[in-house]
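Q: I would like to learn how to read a model like this one, feature by feature. Where do we start?

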Amino acid sequence: MALSTPRAYGGAMNAPLLAAVPWWRPATGHRLLIHGGRPLVGTYPISGAKNAALPLMVSALLTPHLVTLRNMPANLDVAVLAALLQRLGCEMHWSHTPSGLSVTISADRVKPREIAQDLVTRMRASVLLLGALLARCGEASMPLPGGDAIGLRGVDYHLAGLRALGATVELDDGMIHATAPAGLRGTDIVLPRPSVGATENLMLAAVLASGTTTIRNAACEPEIADMAACLSAMGASISGAGTHEIAIAGGKPLGGAVHDVLPDRIEFGTLACAAAITDGELLLPHGRIDLLGAAAPLLAAAGVMLEESDAGIVARRGRDDLQGIDVTTGPYPGFATDLQAPTMALLTRASGASAITETIFEQRFRHIDELRRMGANISVVGRTAVVRGVERLSGAAATCGDVRAAAALVIAGLSASGRTILDGLDHLDRGYDRMAEKLAACGADIVRGSETR
Ligand code: UD1
């Protein structure tokens with residue numbers, strides 16, 4: 001099926017950068033206006049995972065053959081990465097199929113051009129281009145990547161791993177220059193901690209390196225196993241993806257593949273929280289309880305019911321009031337740091353106190369001040385936030401500080417009485433495919449606009 005009329009996404013500031021991404025069009029409004037207090041009832045289809053789609057798109061750089069990715073999420077991060085890949089010489093053909101957005105990527109004529117600052121600083125995942133370009137072209141240069149303002153988020157593990165694979169990596173005035181003219185060589189790498197991005201970057205480099213690479217203390221997030229499944233379909237030999245030790249027998253030229261992007265476990269958990277806090281009931285097609293890890297029993301303990309049905313997962317609050325729970329984020333299968341902010345929004349309305357400890361990123365409490373504006377009772381000691389549930393939240397003006405904080409503020413706004421006005425919507429658009437539209441279809445009073453009303 002051909003592409004339909006482009007839909008509205010993102011702020012006007014993205015328009016020139018993203019002109020070459022056909023489904024992208026700047027949204028009309030830079031504010032989200034929510035009148036809370038209405039139960040969410042209806043069907044909210046869960047998209048392909050952003051955090052799987054990005055490394056999968058980069059995987060296509062490893063082969064001159066066609067890679068087709070189906071069930072792609074249409075969010076701003078995907079659009080930005082698409083623009084980046086096009087600047088590197090990739091051809092991308094997008095189509096809407098009954099199963100969602102698909103892209104076919106041809107990296108036949110990829111060239112290791114210097115990657116532009118404007119796009120890289122918007123998205124930390126762009127650092128994955130380093131491993132893939134080094135492997136495919138023998139060189140790569142890019143500015144140090146950006147992304148959420150949620151912590152130091154260094155790339156030292158990435159660079160150390162690439163050096164261990166035989167690359168020369170230099171840092172010069174905020175730029176990374178990496179070369180491997182004689183190719184990369186497989187080796188043993190032990191990550192200091194299970195970094196998702198470093199695991200993916202080193203896998204991308206290692207599949208074209210000669211010999212075997214072992215990545216120990218690897219991250220085992222489901223998105224890594226999804227990337228490995230696609231690379232395997234392209235002809236790579238990878239074992240152990242999804243565990244803490246991954247072995248890659250590299251050096252074989254890769255072919256093309258057709259791959260369905262894994263459903264988004266973060267969007268799923270977020271919408272489950274939204275259903276429960278609004279006393280609604282959402283059918284979440286493509287939601288997967290098994291991908292939630294530690295979040296599944298903890299959300300259940302808080303009173304978020306998830307029931308399997310033929311059409312997807314039904315999410316709602318259980319018979320009792322929401323209950324406070326204690327949460328500590330951790331690498332998968334621990335409680336996902338990306339669900340911390342949405343869960344905190346949920347717990348602002350739970351009975352009793354909750355202690356939420358963030359162990360992955362040091363500045364991932366940017367939503368707390370904004371939730372407090374809405375009447376939440378939250379105090380912070382070090383890396384732990386203590387949330388004491390309140391009877392009601394009140395709508396307020398708030399600013400989204402990062403992707404997951406944005407989702408948390410939407411959840412709080414849906415539950416609050418009165419009007420909530422959210423700014424900083426690029427953050428929401430980075431991670432979610434038309435969230436406001438989909439929520440409105442489930443009965444929320446939520447519109448995107450420029451004016452207050
Ligand atoms: C990915 C996800 C992000 C998620 C995070 C943790 C994508 C596109 N993003 O981010 O949504 O919140 O995993 O599940 O998939 N670190 C270093 N040096 C490094 C690499 C990481 O110190 O070279 C630190 C980071 O600062 C952070 C921790 O390791 O404190 C974990 O980061 P990492 O797992 O690498 O997160 P990302 O891959 O950036």
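Q: Where does Asn71 sit?
A: Asn71 is placed in strand 3 (residues 67-72). Helices (H or I, at least four residues) and strands (E, at least two) are DSSP runs, numbered from the N terminus. Asn71 is not a glycine, yet its phi is positive, about 60°. A second case is Asn217, also not glycine, with a positive phi near 55°. Asn217 belongs to the loop between strand 10 (211-216) and helix 7 (222-233).

Q: What ground rules apply to these values?
A: This is a predicted model: local features need pLDDT of at least 70, side-chain atom pairs count only at pLDDT 80 or more, and totals for chains, interfaces and linings use all residues. Residues are numbered from 1 along each chain as its sequence is written, and side-chain values use heavy atoms, with hydrogens and water left out.

Q: Which peptide bond is cis?
A: The one from Tyr332 to Pro333, with omega near 10°. Pro333 lies in the loop between strand 17 (326-328) and helix 10 (340-347).

Q: How many helices and strands does the protein have?
A: There are 14 helices and 23 strands.

Q: How is the protein divided into domains?
A: Domain bounds come from an automatic or database domain assignment. Here the assignment gives domain 1 (14-47 + 263-449) and domain 2 (50-260). Their C-alpha centres are 29 Å apart.

Q: How do I read the interface between domain 1 and domain 2?
A: Begin with contact, meaning heavy atoms within 4.5 Å. By that test, 32 residues of domain 1 touch 34 residues of domain 2. Then take buried area: the accessible area (1.4 Å probe) that two parts lose on being put together, summed over both. The two domains bury about 2900 Å² between them, with 56% of it on carbon and sulfur atoms. On the domain 1 side, Leu17, Trp23 and Arg430 lose the most area to domain 2, together 29% of what that side buries.

Q: What about charge pairs?
A: Side chains of opposite charge can pair when their charged atoms come close. A salt bridge is a side-chain nitrogen of Lys or Arg within 4 Å of a carboxyl oxygen of Asp or Glu. Between domain 1 and domain 2 the count is 2. Arg430 forms a salt bridge with Asp77, with the closest N and O atoms 2.8 Å apart.

Q: Which helices each supply at least two residues to the side of domain 1 that touches domain 2?
A: Helix 12 (403-415) and helix 13 (425-431). Helix 13 gives the largest share, 5 residues.

Q: How many salt bridges are in the whole structure?
A: The search finds 20. One joins the side chains of Arg31 and Asp423, at 3.0 Å from N to O. Arg31 lies in strand 1 (residues 31-35) and Asp423 in strand 22 (residues 419-423), so this pair ties together parts 392 residues apart in sequence.
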